[in-house]
Amino acid sequence: MKYRDRIVGTARVRGDRILPHPKNWRMHPENQRDALRGVLSDLGVARSLTGVPADPKALAEVRALTTQAERDAWVRRFETGTGDVLLLDGHLRAEEIRDQALPVELLDLDEREQAELLAAFDPIGDLATMDRDKF
């Protein structure tokens, strides 16, 4: 089966342009924040965030793009513009890092698809088990 590629591209976006998704149901206790701060201090930013353009017009525009060249050009314009990102994954990292640009994978998901990703992404990952020897 061939799956659709919903990733438009990766843009570096300042933390103050990254907005929490109103349907994000995850809460981040202080011990999790402390653990993340420790990893950020040791390693830095090592994983991109995931989001969609916050402006419905920008989202409609990106959904209409048909070629990778068009998507690449759109991402470059978005990166240097003032548009905000509506975050789907990486809320805690975005909360902790507000004063620098972060890599954000931009997706072309509509509202229903965003809600589905928010509902399924972490719970599916939580189904994984641990190989203690490799850990």
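This is a predicted model: local features need pLDDT of at least 70, side-chain atom pairs count only at pLDDT 80 or more; totals for chains, interfaces and linings use all residues.
**Largest pocket.** Start by selecting His28, Gln32, Asp89, Arg93 and Asp122, the lining residues that lie nearest the centre of the largest pocket. The lining has 19 residues, and the space inside comes to about 460 Å³. Next, colour helix H1 (30–43), strand E4 (85–89), helix H4 (91–96) and helix H5 (111–126); each of these supplies at least two residues of the lining. H5 gives the most, with 4 residues. Coloured by class, the lining shows 9 nonpolar, 5 polar and 5 charged residues.

**Second largest pocket.** Now select His21, Pro22, Lys23, Val52, Pro53, Ala54, Pro56, Leu59, Leu86, Glu111 and Gln114, which line the second largest pocket. About 170 Å³ of space lies here. Strand E3 (49–53), helix H2 (56–63) and H5 each contribute at least two lining residues. By class, the lining divides into 7 nonpolar, 2 polar and 2 charged residues.

**Aromatic pair.** Move to helix H3 (residues 68–80) and show the side chains of Trp74 and Phe78, which lie 4 residues apart, about one turn of the helix. The model has 1 aromatic pair by the rule used. The ring centres of Trp74 and Phe78 are 5.1 Å apart and the planes meet at 15°, so the pair counts as stacked, the cut-off being planes under 30 degrees apart. Trp74 is buried, at a relative accessible area of 4%, and Phe78 is buried as well, at 8%.

Key
Residues are numbered from 1 along each chain as its sequence is written. Side-chain values use heavy atoms; hydrogens and water are left out. On a 1 Å grid over the protein atoms alone, a cavity is a set of points where a 1.4 Å probe fits but cannot get out, and a pocket is an open set with protein on both sides within 12 Å along at least five of seven lines; lining residues have an atom within 4 Å of a point. Grid points are joined across faces, edges and corners, and a volume is the space filled by probe spheres set on the points. Ala, Val, Leu, Ile, Met, Phe, Trp, Tyr, Cys and Pro count as nonpolar, Asp, Glu, Lys and Arg as charged, and the others, Gly among them, as polar. Rings of Phe, Tyr and Trp (its six-membered ring) pair if their centres lie within 6.5 Å; planes under 30 degrees apart count as stacked, over 60 as edge-to-face and the rest as tilted. Buried means under 20% relative accessible area, exposed over 50%, partly exposed in between (1.4 Å probe, protein chains only).
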